[in-house]
Amino acid sequence: MEHQHRGASHAVYSELNFTPGNKWVKSLTQGRLGTMLGGHYSSINLSSVLFHERIDDLVHVKLQVWSAPNLTKPSFSEAMKQEFKPTQKGDSFGPSSYSNIASGIPSSWAKYERVQFEFDPGCEAMVFRTDGTPVQGITGGYGGDRRVEYIIPEEARKRGFHEFVIEQTCNGMFGVPLTGDTIDPPALDRYYQLASADLVVPNQEAWHLMWDFFTLKQLSETLPGNTPLQNKALVVANAIMNTFSKEDVKSIPSARKLVEEIFGEAWFKKAENIYKEGDTRAKIYAIGHCHIDTAWLWPYSATQQKVARSWSTQIDLMERYPEHRFVCSSAQQYKWLEQLYPLLFERVKEKIVSGQFHPVGGQWLESDGNMPSGEAFVRQFVLGQRYFQTRFGIRCGAFLPLFGELLIKNMQIKETAWLPDSFGLNGALPQLIRGAGMKYFFTQKLSWNNINTFPHSTFNWVGIDSTQVLCHMTPVDTYTAQATVADVMKGVSNHKNLESSSTALLVFGNGDGGGGPLAPMLENLRRIRATGNNNREIPLVNMGGSVDDFFHDLEEDTNAGLTIPTWRGELYLEFHRGTYTSHGSIKKGNRKSEILLREIEHLATIASLYDKEKYAYPQRQIDDLWENVLLNQFHDVLPGSAIGMVYEDAEQIYAYVKKEGEELLENAMRILIPKSTSVSMTQPLQSAVSGKIVAYNTTPFRYSAVVEVPLQGVGGNLLKAEIVQISQHGNSGFVLMDASIACGPAVPRGIFADMQPTSAKEIYKDVFVLQNSKIKLTITDGRITSLVDTQQRRELIPTGKTGGLIIYDDRPNYWDAWDVEIHHLETPHVLRFTTISVAEKGPVRASLVGQLRYGKSTIKITMSLDAIAATLDVNSNSFIRFDAEVDWHERHKFLKFELPVNIHNEDAVYEAPFGYVKRPTHKNTSLDLAKFEVCAHKYADLSEYGYGVAILSESKYGFSTRGNIMAISLLRAATAPDAEQDQGKHQFSWAVYPHKGSFLESDVPMAAYVFNSPLRVRFVADDQKKPMSLPQTPFSLTGASNVVLDTIKRGDDDDPQETDWKKGSSTVILRLYEAFGGHASVRINIASNLGVSKATITNLLEEDMETLEINKIVPDSSSEQQSYIDVNFRGFQVMTIKLVISSVTWDWTRRSRLGDWMII
């Protein structure tokens, strides 16, 4: 009797076997899969049936084109006013053009599910409706970012006619390199050929079979070893090839039926609902993204177009794939869209409301992570968050308790900061991220490390002040994943913290140059999920959620971060170290702009308090300038790694900031110091009326300064009364200024007893000495051979060593403008001054001028020593200033200043935003060795017990300390992607500052701050009727020298036009930070003329967090009641304090008794 175990159709195991058996050769079968599409068999394989119809004749496709002149990129409305001319496939266009397309759709095509227009210009393009609404992007060519299909709307298909416009910009996603190398400088007159302009009918079933096959092929090639799923996918793919026949229409659905063995029964009908099956907790969270570098191998104007192309494409995909979620940072890019493509901006807003389009990051843009100042990072978050809130009702990580119930209900909360591509991240960021209302952080760039592999994927990132954020660095190692099986598998196989959390974020979509996710990626993810629903060999992929959803689950899985590792301090990228130096003029523009804006806000705040009737705080103009500065801080602009066109734009931006900023500063000065004019070496005095020199010290520190003023011009003689030294050439003089009031006026003073007279002279042939009573510098044969602290009787240059300029060969392995490799240190070329002369002999300033020629370049350095200390700190010393004028014409050379010092410490100290970071001076481990070139702001210091030496910088960011050799990096000379990087004339300064005591006992941060913020000098005509009275900043600190009052400004929500203090809507914001890494208790003193009704600690967004007690004190019977606030700091803490102003009294009759005036 026969037993039927599996039904009557089950094959019976035969007794006899005469067949050869079924044995495959796996490798050959895998190789066979490559013949299913394209290639030699394209006329008979699946490629041959992808389209039912294709026509391109003039009856059905009428093309007209207009090419823009020169390198212009006109708007849609401008283009539509031009005269278009007939064109055809095969014609070339460029550099920018618009095509008007009228398509007639045959009535016989009405039976088809879809009709498309296939347009391949070989470059980037965008489809517009005739009313100017962007519809989607086009990417021509045959790369992985190809998208050349435009789906004809159903109503047009039924109508049989469709007219639309396509804008073409003749560059690829990565610009227009002169050669095939992406980072080569661009060919700006590039033209592209129109390869396709066809009406087509896709065979939808064949396309889906193609996507089925792609997923199977990926499974068979990607899954490790010899697993059941890998073999099964290969068997099914092979069966599909055996089943498919070009001649048999039914073979396509038959072949598609076979994939149900892998994807599950009727999986395709489930569409987006496929993600609702299987385990509810996925391992891989997939989110669409389109990383668009705000400028890189293309200028800002090209990015504006890339944003519109990429984002319109994503909106189109959201209509067809409901599970698709798209995350996008950078308020700047949204603002460009709002300004230039308002119709598309409204569509984006709709998708934000529907929860499909996700703003993220809370920043103005994805800035560099190292070089912006602490306050610039604050503004990145503040301006970004305010933009998202005002346009979309979204706050990235809103501080919920402070909002009304209705607002909370209507506001979308996003909690993730987003910097995937910045070249390292400073240790202040966790505190600033939390201060901006977020607690999660996504990054990725450290996967590029070229020496050590970063040890974590998911970890608590703890900043220099101990603030933490939950950080995820995707194990997929990219923010431009292609949504392949390999990407999904890597999310687990490369995860470094599976013991704590096995989830990973898959950020997919074409990027850098834009584009974003494509339909094939979304199709592939559906199939990967279907596979995971039926097989445990592949992780489950989730779609339809957000980045915040991922982090919420991560926070829960890790017990609020308690079960994952912690990384403390900066996230140093072991790569792209040359970006601290490349494009020196951009670094200088950034530093000068940051300081200018700080000074504007400071003086404008005082002016608005002093005379509210005549002066309104220029909030809108200040925000505009900040937005421009923040734009140039993008992570490929400020680092110097963009093409030359970008820097033409950036220099114009800095010129605009300087012009507009100086005007705002002048407006404030006219209120604070009426009838005064600015005086500087570039701005000679034109007045013929006698008067006085005054200045304003915008720093929070007390010091003296030597200021050079011109003696030429109409008013030159009027300044001589204040001069304590006339220059050797007689065209200028030196004024000794008393800036002993922090954040207040400074006035001239004569030579005083505690001054250290300076001198410069040649004591022997080619031996020059620059000295005062504290410091003595000796230059022998063009090199620094001695630096002596005469009071400490300490020689700082080791015996037999010299300091000075040095050049290294600079040939990185690939990334030219980005990288400097450790092997550059093997090729030193020591430079010596060939001529040295005495420029100033003292007694207030003494100077030597050294000059040399190297290759095609000339270098002139003025070395100066003043008769004063850096600050009024009791242990402060003098510094030696180096002012460089360089005409630079080298290629692949690296100019540095190096100084060997008699100091030993295993770590050197480098200023970072709102604090400092220690880095090794040795190479004990590969982690130590990797930091051979590092970033610092205004100072780098090497100290030991009792003594130290600092290098101060006014515009350079690259430093190193190798053993006892301190170095500041000055100029590079890369040739890609900007062939002319740093070529031409440069002016920059640095200083060497020896100091008594270790770094923690010194005034190095204060000296560096003052070095970067010279006095603003004014000339005031004499008024015989009354003495001149200058208002002072009504805020001062006592009790803790390690706390810095960095920013004084008006509140962001203030009404500049409001003149009634009693309404309580006028505020002043003070931003302070602890600079040395220790605790502090500080008193904030408020002048008696200022009434403060309320004081609060706020977050960075100026939302109240804690109310402070305002204390009153009466110093003596002749003084008015003053106020003060006591606050405590932890090390490196940044604190924002908001003062609500209730009254302001500037009493001229009692000015001599108030602490808010200075009488001259």
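The side chains of His729 and Ser727 are joined by a polar contact of 3.1 Å. A polar contact here is a pair of N or O atoms within 3.5 Å; within protein, one must be able to donate a hydrogen and the other to accept it, and residues adjacent in sequence count only if both atoms are side-chain atoms. This is a predicted model, where local features need pLDDT of at least 70, side-chain atom pairs count only at pLDDT 80 or more, and totals for chains, interfaces and linings use all residues. Residues are numbered from 1 along each chain as its sequence is written, and side-chain values use heavy atoms, with hydrogens and water left out.

Back to His729. Its side chain also reaches the backbone nitrogen of Asn731, at 3.0 Å. His729 sits in the loop between β28 (725-726) and β29 (732-739). Helices (H or I, at least four residues) and strands (E, at least two) are DSSP runs, numbered from the N terminus. Ala839 is 110 residues away from His729 along the chain, yet their C-alpha atoms are separated by 8.7 Å.

Another loop residue is Lys445, between β19 (440-443) and β20 (458-462). Is Lys445 buried or exposed? Its relative accessibility is 3%, so Lys445 counts as buried. The cut-offs are under 20% relative accessible area for buried, over 50% for exposed, and partly exposed in between, with a 1.4 Å probe and protein chains only. Leaving out residues up to four places away in sequence, Lys445 touches Pro420, Asp421, Ser422, Phe423, Leu573 and His576. Contact means heavy atoms within 4.5 Å.

One of those, His576, is a contact of Lys445, and residues 574-654 are what UniProt lists, in an unreviewed entry, as "domain: Glycoside hydrolase family 38 central". UniProt positions are given in the numbering used here, feature names are shortened, and annotations may be inferred rather than shown by experiment. In the model, the span 574-654 is 63% helix and 0% strand, and its end C-alpha atoms lie 30 Å apart.

Next, the sheets. Two strands pair if DSSP finds at least two bridges between them.

Strand β41 (residues 880-888) has Ile880, Phe882, Ala884, Val886 and Trp888 on a covered face, and Arg881, Asp883, Glu885 and Asp887 on an uncovered one. Its pairing with β40 (residues 857-866) is antiparallel, over eight bridges, and Ile859 stands opposite Val886. With β50 the pairing is also antiparallel, over nine bridges; there, Asp887 has Lys985 as its bridge partner.

On to the aromatics. Rings of Phe, Tyr and Trp (its six-membered ring) pair if their centres lie within 6.5 Å; planes under 30 degrees apart count as stacked, over 60 as edge-to-face and the rest as tilted. By this rule there are 45 aromatic pairs. Tyr334 and Phe357 have ring centres 6.2 Å apart and planes at 75 degrees, so the pair is edge-to-face. Tyr334 is in helix α9 (residues 331-340) and Phe357 in strand β15 (residues 357-359), 23 residues apart. Tyr334 is buried at 0% relative accessible area, and Phe357 is buried at 0% too. The second pair is Phe897 and Trp990, with centres 5.2 Å apart and planes at 45 degrees, so it is tilted. Phe897 lies in β42 (residues 893-900) and Trp990 in β50 (residues 984-996), 93 residues apart. Phe897 is buried at 2%, Trp990 at 1%. One aromatic cluster includes Tyr334 and Phe357, with Trp311 and Trp364 also among its members.

Last, the cysteines. How many disulfides does the structure hold? Zero, where a disulfide is a pair of cysteine sulfur atoms within 2.5 Å. For Cys935, the nearest cysteine sulfur is that of Cys471, 19 Å away. Cys935 is buried at 5% relative accessible area, and Cys471 is buried at 0%.
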